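The following exercises concern one part of a protein model. Please consult the sequence and the structure while working through each solution.

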Amino acid sequence: MTAMENDIARVWRNARLATLKESLPGLGIVEGGAIAVVNGRIAFAGPEAELPAEFAGAESIDCEGRWITPGLIDCHTHLVHAGDRAHEFELRLAGASYEEIARAGGGIVSSVKALRAASEDDLVRETLPRLDALIAEGVTTVEIKSGYGLDTENELKSLRAARRIADERDVTVRTTFLGAHALPPEMNGDKTAYIRKVVTEMLPAVAAEGLADAVDGFCEGIAFSTAEMTEVFEAAKAHGLPVKLHADQLSNLHGAELAARYGALSADHLEYTDDAGAAAMAKAGTVAVILPGAFYFIRETKKPPVDLFRKHGVKMAVATDANPGTSPLTSLLLTMNMAATLFGMTVEECIAGVTREAARALGLVDEVGTLEAGKWADFVLWDIGRPAELVYRMGFNPMHARIRSGH
């Protein structure tokens, strides 16, 4: 009797695989493929003709020639929030800029007021429909940031709500502490005092409860400087937490270089990142997270330097940036189309960006993001003729089945 006979084994046969394995060219395509799963993890992914004999008696699922990709991963969201900011959308249509709305008390601060008034149960209830939209398109892993509480009590509340989401739905959730998102009104413009509070009070409380998988910040003229973010990153390092950064979105404060200096998992937005920033990210292995939803929604004109990232070999992920104010987007399929149409990313870059590279941006590439033996069996069956359809279509969902941990 083999060890496998004591385990639960299933085989998905007669499939076309986009494995995303880096050892294979392009999308790592395998025609006539099969995936064998034992106890929730992939035991084999490759040509069906090479399927080990030990799986001969396993439960078999005929995929009828469908394509299979790794489960989709949304690696940058602000999914836990209360209310909406549709009124600000109207203001922008009337000509107000993102900065003008923020300086007038709108923007992130308006979401802070709504979140503080909501209970943890309220937040979970409001978030689930947004998450369900992502799951319905094949998302199996999602990152959720805090950042709308901006005090210890409400940041903890946000992160607890995000963790509860994983109990409510069959999805992997990674949580990110984003206390350095904006300056709350009660600080009366004192950024120094607020960053001190983030570093000495909020972050230690988050770490003590084990509520964050990473620490993020907004490095921008309307948010926090590189010096202020350096304090946050030093504190994160002291607590053993990896970092990420909203960088170079509205101006070039050299946030990408700062992120790279701290070995950040990712730097996100990056519209104004320069050659030095891209080179630093490549050297550090920091992933560039491309967020076309925000670019589109606030009608930016400066595109992220995709060619620079290619030139330096920076890995690129793609994410929704789902949030109430600047990217109320809960479709990762549409996000891929935006990345291709607005920024000229290729089909291969877009699909890798929501699978393998999104996993890398979360520090999870050893566990998910490709179809390889040893990884969690998170994958999606699609009713498509070729992978390009996942990027090409708008407002159309070709998902046939979503498998997470082999189920």
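**The end of a helix**

Helix H9 is followed by Gly285, whose phi is positive, near 75 degrees. The model examined here is a predicted one.

**Exercise 1.** Determine which residues of helix H9 are buried and where they lie around the helix axis.

*Solution.* Step 1: helix H9 covers residues 275-284, and its buried residues are Gly277, Ala278 and Met281. Step 2: viewed down the axis of H9, these buried residues fall within an arc of 100 degrees, so they line one face of the helix. Step 3: an α-helix has 3.6 residues a turn, so residues three or four places apart point the same way.

**Exercise 2.** Identify the elements against which the buried residues of H9 pack.

*Solution.* Step 1: two helices are involved in this packing, H8 (255-261) and H11 (306-312). Step 2: the buried residues of H9 also pack against strands S11 (266-269) and S12 (287-290).

**Exercise 3.** Describe how S11, H9 and S12 are arranged.

*Solution.* Step 1: S11 and S12 pair in the parallel sense, over three bridges. Step 2: within this pairing, Ser266 stands opposite Val287 in S12. Step 3: together, S11, H9 and S12 make a right-handed β-α-β unit.

How values were computed: Residues are numbered from 1 along each chain as its sequence is written. This is a predicted model: local features need pLDDT of at least 70, side-chain atom pairs count only at pLDDT 80 or more; totals for chains, interfaces and linings use all residues. Side-chain values use heavy atoms; hydrogens and water are left out. Buried means under 20% relative accessible area, exposed over 50%, partly exposed in between (1.4 Å probe, protein chains only). Helices (H or I, at least four residues) and strands (E, at least two) are DSSP runs, numbered from the N terminus. The arc is that of the directions from the helix axis to the C-beta atoms. Contact means heavy atoms within 4.5 Å. Two strands pair if DSSP finds at least two bridges between them. A crossover is right-handed if, with the strands pointing away from the viewer, the path from the first strand over the helix to the second runs clockwise.
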